[in-house]
Amino acid sequence: MATVARMSTTACVGLAALAFAAGFVLARRRPALPEGGWKDEATFTTLHIAAMAAPSLRAGLTKESARRAVRHLRALLGTSALAITSTDAALAWDGACTDEVLTHARAALASGRPHVFAGEPYGAVVVPLTVEGTVVGALAAYDEELSAALVRTVTEVARWVSGQLELAELDSSRKRAMEAEMRALRAQISPHFVYNALTTIASFVRTDPDRARELILDFADFSRYALRKARDFTTLADELTCVDRYLLLERARFGDRLRFSVQVAPEVLPVPVPFLCLQPLVENAIKHGMRGHDGKGEVRVVVRDAGPEAHISVEDDGMGMEPERARQVLDDDPRNQGNGIGLANVDVRMRQIYGEAYGLVVETAVGAGTKVRLRVPKARHSSL
């Protein structure tokens with residue numbers, strides 16, 4: 001809720017700044033055409049130019065983003081020249097800026113307030129750019145004629161630019177949080193599974209060395225995949241290979257007591273999916289499925305083609321649970337789960353990436369087993 005509120009406040013500030021800029025553009029327009037329509041035209045022009053500058057600014061304050069945005073911002077203000085600086089360098093400029101741009105910027109950066117500088121042939125209006133109260137750069141507008149209206153307009157446009165940079169920082173913070181969650185996810189790979197897998201392998205070392213060697217290679221493949229360099233997405237084919245290695249190790253541990261089947265529509269194998277989104281579901285199914293039927297259980301993984309989506313289900317025939325308990329499992333804080341990678345972790349990531357409608361769906365009842373379903377759009381999502 002806090003994030004939503006912050007973004008709404010930034011948006012309101014941005015609209016107010018652009019509304020003022022539209023008024024300034026209107027005031028500077030020459031009445032060459034009959035009255036009527038000027039206000040709408042100025043508003044459209046202002047919003048159109050702002051829309052062209054915004055994507056670059058949402059990338060943060062860099063030389064490349066400043067270079068892409070500065071021409072549009074100069075058109076928005078209609079000044080002779082415009083420069084964007086960081087706290088220690090001129091990042092980009094459009095028009096004939098003076099060599100004093102850094103000197104002018106440093107004065108505004110030091111005070112945190114707009115500054116006006118008289119000069120020939122151009123005077124300057126320099127306004128600090130801020131992100132969460134911290135000065136990160138400056139917007140410097142140069143024109144032959146300085147006026148109170150120009151000072152106010154440059155100030156409002158700088159506020160709008162600051163708002164876009166703040167949104168960029170929010171995007172960056174969200175991505176860093178999701179990357180940290182991914183690292184935490186890997187750290188949660190069940191220590192019990194690692195212990196049990198190595199114990200199972202050790203039991204075959206003397207009685208069946210060839211089998212032990214095969215399991216060691218399977219364990220190495222699984223570990224290499226699960227602990228590899230961070231990636232946001234993988235293919236469904238790679239994720240299923242990871243699940244296959246995991247199931248082979250668990251089958252060696254439980255023997256014939258564990259039965260499993262995997263049914264996959266071949267056309268969905270290239271679909272991009274969030275990294276490590278299936279193995280946790282299979283681990284959960286084995287954990288719950290082996291609790292009933294005298295220590296025996298069956299796990300079924302089904303992946304279907306559903307037009308624009310891939311539909312995946314992981315089902316066990318264990319004891320099941322009360323639906324209320326299933327809701328508690330999904331609502332739990334993923335960081336509190338101590339037995340491997342929890343369903344809540346996968347559920348949170350799915351909803352963060354694709355939206356609330358793409359969270360996990362758990363179908364269960366006492367004595368009726370548990371089925372976990374998820375949907376994955378075939379088109380890779382751009383939020384990560």
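In what order do the five strands of the open sheet stand? The order is 2-1-5-4-3, and the pairing is antiparallel.

## Basis of the model

This is a predicted model, in which local features need pLDDT of at least 70 and side-chain atom pairs count only at pLDDT 80 or more, while totals for chains, interfaces and linings use all residues. Residues are numbered from 1 along each chain as its sequence is written, and side-chain values use heavy atoms, with hydrogens and water left out.

## Confidence

The mean pLDDT (the predictor's confidence in each residue, from 0 to 100) is 81 for the protein, and 82% of its residues reach 70 or more. Helices (H or I, at least four residues) and strands (E, at least two) are DSSP runs, numbered from the N terminus.

Residues 1-13 stay under 50 in pLDDT and have nine contacts beyond four places in sequence; contact means heavy atoms within 4.5 Å. Over residues 29-36 the pLDDT is also below 50, with six contacts beyond near neighbours in sequence.

## The open sheet

Two strands count as paired if DSSP finds at least two bridges between them. Strand 2 (90-95) and strand 3 (115-117) are the edge strands; each has a single partner strand, so one side of each lacks a neighbour in the sheet. From one strand to the next, the twist averages 15 degrees.

Strand 4 (residues 123-131) and strand 5 (residues 134-143) run antiparallel and are joined by nine bridges. Thr-130 has Val-135 in strand 5 as its bridge partner.

## Helices on the sheet

Helix 3 (residues 63-77) lies across strand 1 (81-86), strand 2 and strand 5, at about 35 degrees to strand 2. Helix 4 (residues 101-111) also packs on the sheet, and its direction makes about 135 degrees with that of strand 5. Axes are lines fitted to C-alpha atoms, for helices over the stretch in contact, and angles run from 0 to 180 degrees between N-to-C directions.

Ser-80 sits in the loop between helix 3 and strand 1. Ser-80 is buried, at 18% relative accessible area (buried means under 20%, exposed over 50%, partly exposed in between, with a 1.4 Å probe and protein chains only). Beyond four places in sequence, its contacts include Arg-74, Asp-94, Tyr-122 and Tyr-142.

## Nonpolar cores

A nonpolar core is a set of buried Ala, Val, Leu, Ile, Met, Phe, Trp, Tyr and Cys residues joined through side-chain atoms within 4.5 Å. The largest has 56 residues, of which Leu-278, Leu-281 and Ile-286 touch the most other members. Helix 8 (residues 236-254) gives the largest share, nine residues.
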